[in-house]
There are 2 protein chains.
Amino acid sequence: MVHIVGWGHTKFGRLAGDVEDLVIEAGREALAHAGIPAADVDGIWMGHFNGGMVADGFPSSMALQIDPALRFTPATRLENACASGSAAIYAARNAILAGEARVALVLGVEKMTHLPTTEVATALGHASYQKEEAGLSFPAVFAGFARAYFERYGDKTDALAMIAAKNHKNAMANPLAQLHKELPVGFCARESDRNPMIAAPLKMTDCSLVSDGAAALIMVSPDVAASMPRAVRMRAAEQVSDFLPMSRRDLTAFEGPAEAFRRAYLSAGVTLEDIDVAEVHDCFTIAELLIYEAMGLTPAGRGEDALLNGTVLSSGALPVNLSGGLKAKGHPVGATGVSMHALVARQVTGAANEMQKPGASLGLVFNMGGSGVANYCSILEGERA
Amino acid sequence: MVHIVGWGHTKFGRLAGDVEDLVIEAGREALAHAGIPAADVDGIWMGHFNGGMVADGFPSSMALQIDPALRFTPATRLENACASGSAAIYAARNAILAGEARVALVLGVEKMTHLPTTEVATALGHASYQKEEAGLSFPAVFAGFARAYFERYGDKTDALAMIAAKNHKNAMANPLAQLHKELPVGFCARESDRNPMIAAPLKMTDCSLVSDGAAALIMVSPDVAASMPRAVRMRAAEQVSDFLPMSRRDLTAFEGPAEAFRRAYLSAGVTLEDIDVAEVHDCFTIAELLIYEAMGLTPAGRGEDALLNGTVLSSGALPVNLSGGLKAKGHPVGATGVSMHALVARQVTGAANEMQKPGASLGLVFNMGGSGVANYCSILEGERA
């Protein structure tokens, strides 16, 4: 069993700092939060996508700039596209379970806003299967999912708009979020000068943000956790990878994500009904809709029901993306998985402040690289707040 | 304890295939060599640097193209510059020790030769600390080490030339090597039209190659190893990371590498005298010289003794780089760490053919990312051939 005992999280948005600055800020905050000295860290794992956005092609040892006591501590970078942060968490978890580390420092980081949007799109496009999808932007990739879904199940523009409006509203309670601006469903549903079509049927409000940011976790073995003031238990950590080419996948269902959820419920010994709160990968609103179905909230083609019946709203039985999600919290891609785990850890320890769902004790994270390619589902339980 | 029970290795050099082709070739060969069906693989770890050399920014799931039975198998990319391959091996080892995998497929891959040399140099330069070293090519980085060493201990041009000549000679016995061309020490020692200065005092013969290639390993838990016809035990696997900025390190000594060797000997319970054969990271001849000292073969400043007294020659007590090393075997950076482990595994199971050191049973790998930044030292023992 592995526990999370501390976390750090920069604001997400257009930030002055570079990759190194962001890593240092989040890392120092997490160490201080856990009350663990840098000298006690046995290993460092860093999630970072890059894809050409920054020149730092070998960032793992930048984490040693957090504290001179980290010299000679093994540091490793993980990349699994927009799930790079979870890849780092899962590698750290394995090291702890293996007995190779008692204290792990996990970092996720991305620097994106210094580039023009077209260059960001090109860099993110490198996460696609180049032989068949080169030049296809990620909005275009997910527009393909939306079109396939609409063709099969009918136009769901309103459901997508409800997701966008929900996440923008939720972000109002998250001071770390990039955007603090409520958007009415009607605005999100309609193409307009201020909400242009990006890749039909996805409009600007269907797309997540371009962001800078970093997040950090301190993960420890049970003997270390026992002496810590707070502890969040990782009840499940399941990764499922699917074929990279879109041509080998069914675009109307998230089969890889569904398998990750299935395995996570099984390994934690829980059902969806036990989950109090979830942070899921809303890189595009259509992704969040498909995730409702993959997680078992609704049958295939009925994801909108989770919105219409209020389940996933902040007041519902299973609020989804109380942080504002990638849509409004922001999406510094390498940081996202770590941020999701940190925010669910806050929820299940009652430390989410204005975002808090009262009494939450069991939370779920679903972080995804590519369009359902690298799928990570974690279940976290507050053990001690 | 973790065992290596199979391996695959493409030829290194200027190859027609792309990243996917290379991954498929090495991966299928390793599975066939181990006699393990793809359906039995519990996880995939891939070492790949990239740094802008190819557009495939999210390559982990490309490994699923090896066999349809790999669908839903977790696949993760690791990047630690030129030690990305060892980063993948160490992550797989942790997963096995953690009980999260019984059978791991490890891949290392790089595609470089399609680019002009200047673009390769730029991409590799991304592995340096950009704030202080941007624009500095890797030959220039290691030339800095050579100049510092020469200033402190005297001109060692002849020792570097002996390293180059030794590794070129060794490669003659390795059919997978990129270059099969013996070079006399005199040629390597002298600047000439055919051996130009690249970054003084390093000439072309002091630099490793630009290469395409992939290598793969099958790593398993003890219960799986017990039923395998061959098994190589990982007696030690130690990673030590050092500060990224050169300004924070002593350029006349490889302190991070020395610490990795020290920890590896300790955890394996062996001394240098027990080692029969070694593959070490000769990205530049000066690196191999510094590694002799870091591994404890000679005192500081006396690395040349290991050449002059014959210890590291193919006929010596501890042959170093019988494969030809990065210098002549080639250096597809993400593949290198995996290749080194595969070649030492062959040595300690008596399967190295023309390269074989008779009777070798204990072998050492030293793979390095950056200039002594991410340092991996493994000790492998043949258990069953």
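Which residues of α6(B) are buried? In this predicted model, they are B:A159, B:L160, B:A161, B:M162, B:I163, B:A164, B:A165, B:K166, B:N167, B:H168, B:N170 and B:A171. With 12 of its 15 residues buried, α6(B) is mostly covered. The cover over these buried residues includes α7 (185–189), α10 (285–294), α11 (305–308) and α12 (325–328) of chain B.

The corresponding stretch of chain A may be examined through its packing. Two packed helices are described by the angle between their axes and the distance between the axes. Helix α6 (residues 157–171) of chain A packs against helix α10 (residues 285–294) of chain A at an angle of about 100 degrees, and the two axes lie 9 Å apart. Because angles of 65 to 115 degrees count as roughly perpendicular, α6(A) is roughly perpendicular to α10(A). On the α6(A) side, the residues in contact are A:A159, A:L160, A:I163 and A:A164, and these meet A:T285, A:I286, A:E288 and A:L289 of α10(A). Sorted by class, this contact comprises 6 nonpolar residues, 1 polar and 1 charged.

A further helix of chain B is α13, residues 333–348. Its 16 residues reach 24 Å from the first C-alpha to the last, close to the 22 Å expected at 1.5 Å a residue. Since 16 of the 16 residues of α13(B) are buried, this helix is largely enclosed by the rest of the structure. Just after α13(B), B:G350 adopts a positive phi of about 70 degrees.

The relation between the two chains remains to be described.

The contact between the chains takes 45 residues from chain B and 45 residues from chain A. On the side of chain B that touches chain A, β3 (75–79), α2 (84–97), β8 (231–241) and α9 (255–268) each supply at least two residues. That side divides into 21 nonpolar, 17 polar and 7 charged residues. Because 100% of the interface residues of chain B are also interface residues in chain A, the copies meet through the same surface.

Definitions and conventions
Residues numbered from 1 in each chain as written. Chains lettered and ligands numbered in written order. Predicted model: local features only at pLDDT ≥ 70, side-chain atom pairs only at ≥ 80, totals over all residues. Helix = DSSP H or I, 4+ residues; strand = E, 2+ residues; numbered from the N terminus. Expected span 1.5 Å × (residues − 1). Buried ≥ 20, exposed ≤ 12 C-beta atoms within 10 Å, placed from the backbone. Axes fitted to C-alpha atoms, helices over the stretch in contact; angles between N-to-C directions. Parallel < 35°, antiparallel > 145°, perpendicular 65-115°, else oblique. Contact = placed C-beta atoms within 7 Å. Nonpolar A, V, L, I, M, F, W, Y, C, P; charged D, E, K, R; others polar.
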